[in-house]
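Student: Could you walk me through this chain with a close look at how its helices pack? I would like a single connected explanation, with each term made clear as we go.

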Amino acid sequence: MTALWIDAPTGLAGDMLLAALLDLGVDPAVVESPLAALGLAGRYRISQQEARSGGLRGVRVDVRGLEDQPPHRHWSGIRDQINAAALAPSLKQRVLAVFTRLAEAEATVHGTPVEAVHFHEVGAIDALVDVVGVCAAMDDLNPARIVCSPLPAGSGTVETAHGLLPVPVPAVLELARCHRIPLLQGGDLPKGELVTPTGLALVSVLADQFVAPERLVAEKVGVGLGHRQLDRPNLVRLVLHTPAANAEEGPRWESLIVQEAWIDDATPEEVAVLTNRLRDAGAIDVAAQPLLMKKGRSGQLVTALVRDGDADRIRSLWLSAGSSIGLRERRQGRWVLPRRQGVLETPWGPVAAKQVRRPDGRCTVKAEADALEALQASAGCALDELRAAVAVAPFVSTEDWA
């Protein structure tokens, strides 16, 4: 499993994240393509260069708007522009999530409705490039898990379009409050704003957890440099790594997408067919439960747990094979214990089984119910006799721990 650690010792901004991703080797075309799909081609220029900050190398990115008279972009207009663009569904979902969080934070601190939010910091072309570019690059890397070290907010005040504001600026503080993101204060942190609203909104969506890994085996490092001159190197490091606690040592985190629909116009047989097809298509698990819907109709809540790589294909199946005309999705995750497949040798033949390593080091084995039933039917033995044999049978693994 490859994971990504975001280490931001001097803070975080969208262009620093983008620079670090390009330094990791993400093809610039991965960034440019979705921006063109949004109709932004020719309205900006991205330049990247090898540079140094405090004697350390990295990549610095400059995003320059080329619009003679930049339009006043409202949240509603940005949302419509993203929704209308031909973007991959997973990318569109992430970009919308980032801008939604920014808009909600700005609406709260200014006391305005979300739909009426107008703020040039987010509407400006450079913020659009940063958000879309970073989300597209992360989709391209597709790490199994992303963690971010606690972020230094900075101190003092900063000059903005709204005047002199305290650090952390109100939008950053609101984002941190809403999404329970830890911010570091005091100590010997540099003065001024170290974390921007765009940078914080990005990691609030991308990161699974805000904690530095205790141990890691680094595979590749990308360094993005900031533009401010500080009393130390101003950089963000993205570290692709294999967690040192491998599958044989403890539980691992798996990022998932939950897809679900409320269905009130399908027979029980049709719901059963849909759930079976979702499982066959690669859903980790599918469940259905009854619920009472509008107009007193009996319906079914059908929920599927899906891996990121399978989400687009299974989403298409929902909408083509089911009766629902819509589908909800949310990102979620789970902790799973190390497991491996194998067989249990019995007098009547092998039985497929799964071995699991518990946190205290014990290994437990469970025979697959379908395999037990099939062997019992073919051998003609009593099921209780077969279960007794399975309980003492040696486990022979057929695959590595996962």
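Tutor: Let's start with the whole chain. Of the 402 residues in the protein chain, 45% are buried, where buried means under 20% relative accessible area, exposed means over 50%, and partly exposed is in between, using a 1.4 Å probe and protein chains only. Please keep in mind that this is a predicted model, in which local features need pLDDT of at least 70 and side-chain atom pairs count only at pLDDT 80 or more, while totals for chains, interfaces and linings use all residues. Residues are numbered from 1 along each chain as its sequence is written, and side-chain values use heavy atoms, with hydrogens and water left out.

The chain has 12 helices and 20 strands; these are DSSP runs numbered from the N terminus, with helices (H or I) of at least four residues and strands (E) of at least two. Its C-alpha trace spans about 80 × 55 × 35 Å along the principal axes. The accessible surface is about 19800 Å², and carbon and sulfur atoms account for 51% of that; such areas come from the Shrake-Rupley method with a 1.4 Å probe, and for residues only the protein chains shown count as cover. Contact here means heavy atoms within 4.5 Å. Looking at contacts between residues at least 6 apart in sequence, 70% join residues at least 24 apart.

Now for the helices. Two packed helices are described by the angle between their axes and the distance between the axes. The axes are lines fitted to C-alpha atoms, for helices over the stretch in contact, and angles run from 0 to 180 degrees between N-to-C directions.

Take helix H4 (residues 89–110) and helix H7 (residues 170–178) to begin with: their axes come within 9 Å and cross at roughly 115°. H4 and H7 are therefore roughly perpendicular to each other, since angles of 65 to 115 degrees count as roughly perpendicular, under 35 as roughly parallel, over 145 as roughly antiparallel, and the rest as oblique. On the H4 side, the contact uses Arg101, Leu102, Ala105, Glu106, Thr108 and Val109, and on the H7 side Pro170, Ala171, Glu174 and Leu175. Sorted by class, this contact holds 6 nonpolar, 1 polar and 3 charged residues. Here Ala, Val, Leu, Ile, Met, Phe, Trp, Tyr, Cys and Pro count as nonpolar, Asp, Glu, Lys and Arg as charged, and the others, Gly among them, as polar.

Let's stay with H7 for a moment. Its buried residues are Ala171, Val172, Glu174, Leu175 and Ala176, and their cover includes H4, strand E9 (183–184) and helix H8 (197–206). After H7 comes Arg180, with a positive phi near 55°. Further on, Pro182 sits in the loop between H7 and E9. With 32% relative accessibility, Pro182 counts as partly exposed. Not counting residues up to four places away in sequence, Pro182 touches Pro150, Leu151 and Phe210.

Next come helices H2 (28–37) and H6 (residues 125–141), which pack at about 125° with their axes 8 Å apart. That makes H2 and H6 oblique to each other, and their crossing is right-handed. Val30, Val31, Pro34 and Leu35 of H2 meet Leu128, Val129, Val132, Gly133, Ala136, Ala137 and Asp140 of H6. The contact residues divide into 9 nonpolar, 1 polar and 1 charged.

Finally, helix H9 (residues 268–280) packs with helix H10 (residues 311–321) at about 160°, their axes being 10 Å apart. H9 and H10 are therefore roughly antiparallel, and H9 passes H10 in a right-handed crossing. Leu274, Arg277 and Leu278 of H9 meet Ile314, Leu317, Trp318 and Ala321 of H10. By class, the residues of this contact are 6 nonpolar, no polar and 1 charged.

Definitions and conventions
A crossing is left-handed if the near helix is turned anticlockwise from the far one by less than a right angle, and right-handed if clockwise.
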